Amino acid sequence: MGVPCVPRRCHPDVPPCPPEMSSWVSPTSPGDATPLGTHLPLEMTPQLSPASPGDATPRGMPAGGGLLCGASGLALLLAATATHFWLQRRVPGGTASLGLWRACLGGHCHPHPGTPALWEATRVLMLLSVLTAAVGLALGLSVAASTARRARARVAGVALLLAGLLALLGLAVYTASTLSLLGPARTAWRFSWSYILGWVAVVLISSAGLFHLCAAAKDPSPESSEVAGA
């Protein structure tokens with residue numbers, strides 16, 4: 001093999017390279033581009049670090065809308081369950097109102113002396129709805145801090161939908177039982193704002209559940225089993 005040629009200014013004892021090869025072996029200045037065919041050392045090659053499963057950021061997740069609807073629905077559900085303006089009528093001394101827990105006449109309230117069984121069922125359903133909605137909202141708030149966002153958002157959505165269904169059943173039972181118990185006197189009574197708040201809460205909580213289920217379907221993060229196995 002012949003002696004490799006290099007520029008004379010580097011090694012004076014070695015014959016210089018032909019002009020057509022000088023561009024391949026001549027040193028380049030810092031501003032010059034790397035000559036064609038030159039391979040960078042391995043340590044200079046840019047390395048792409050693999051993204052960890054927790055680095056995936058959900059895109060287009062409607063979690064903000066779900067949390068807003070869930071919090072608003074839970075607040076309205078609490079107000080509807082606790083207040084005593086489900087039924088209201090005008091009387092000579094002012095107004096009379098009935099709620100799930102108390103009856104009021106002229107500003108003076110007292111517990112119900114006797115509660116029909118269907119009203120008791122409404123109480124139980126509304127309380128279960130409040131508890132389930134609180135659990136669903138807590139799960140929805142913890143989605144961002146969880147490594148398995150999809151599974152957590154799905155469970156939150158199911159819990160909120162269940163809360164909406166329980167409240168819907170409670171309101172339906174109350175409506176049917178009230179119309180049956182009042183009989184002809186129901187024309188003097190009207191459903192008031194506590195009852196209306198309950199229906200608005202059903203819409204908001206159910207919408208929050210749908211938002212969370214949509215977020216779980218669009219979330220690119222892996223399932224909890226995949227994260228545990230990684």
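Modeller: Two residues are in contact when heavy atoms of theirs lie within 4.5 Å. With that in hand, let's look at Leu125, which sits in helix 3. Setting aside its neighbours within four places in sequence, Leu125 is in contact with Leu166, Leu169, Gly170 and Val173.

Before going on, a word about what we have here. This is a predicted model, where local features need pLDDT of at least 70 and side-chain atom pairs count only at pLDDT 80 or more, while totals for chains, interfaces and linings use all residues. Residues are numbered from 1 along each chain as its sequence is written, and side-chain values use heavy atoms, with hydrogens and water left out.

Back to Leu125. Is it buried or exposed? Leu125 counts as buried because its relative accessibility is 17%; buried means under 20% relative accessible area, exposed means over 50%, and partly exposed is in between, with a 1.4 Å probe and protein chains only.

Now zoom out to the helices. Helix 3 covers residues 117-141 and helix 4 covers residues 149-182; helices (H or I, at least four residues) and strands (E, at least two) are DSSP runs, numbered from the N terminus. The axes of helix 3 and helix 4 come within 8 Å and cross at roughly 160°, the axes being lines fitted to C-alpha atoms over the stretch in contact, with angles from 0 to 180 degrees between N-to-C directions. So helix 3 is roughly antiparallel to helix 4, the word used for angles over 145 degrees. Helix 3 and helix 4 make a left-handed crossing, meaning that the near helix is turned anticlockwise from the far one by less than a right angle.

What kinds of residues make up the contact of helix 3 with helix 4? By class, there are 20 nonpolar, eight polar and one charged residues. Here Ala, Val, Leu, Ile, Met, Phe, Trp, Tyr, Cys and Pro count as nonpolar, Asp, Glu, Lys and Arg as charged, and the others, Gly among them, as polar.

Between helix 3 and helix 4 there's a loop, and Ser142 is found in it. Ser142 is partly exposed, because its relative accessible area is 22%. From Ser142 to Arg152 is 10 residues in sequence and 7.8 Å in space, C-alpha to C-alpha.

Helix 4 has another partner, helix 5 (residues 193-218), and their axes come within 7 Å and cross at roughly 160°. Helix 4 is therefore roughly antiparallel to helix 5, and this crossing is left-handed. The contact of helix 4 with helix 5 has 18 nonpolar, seven polar and two charged residues.

Of its 230 residues, 33% count as buried. Among contacts with a separation of 6 or more, 64% come from residues 24 or more positions apart.

Gln88 counts as buried because its relative accessible area is 13%. Leaving out residues within four places in sequence, the contacts of Gln88 include Thr95, Ala188 and Trp189. Ala188 is 100 residues from Gln88 along the chain, while their C-alpha atoms are separated by 8.6 Å. Val91 is also found in strand 1, which covers residues 87-91. At 21% relative accessibility, Val91 counts as partly exposed. Not counting residues up to four places away, Val91 touches Ala96 and Leu105.

Conventions
Parallel < 35°, antiparallel > 145°, perpendicular 65-115°, else oblique.
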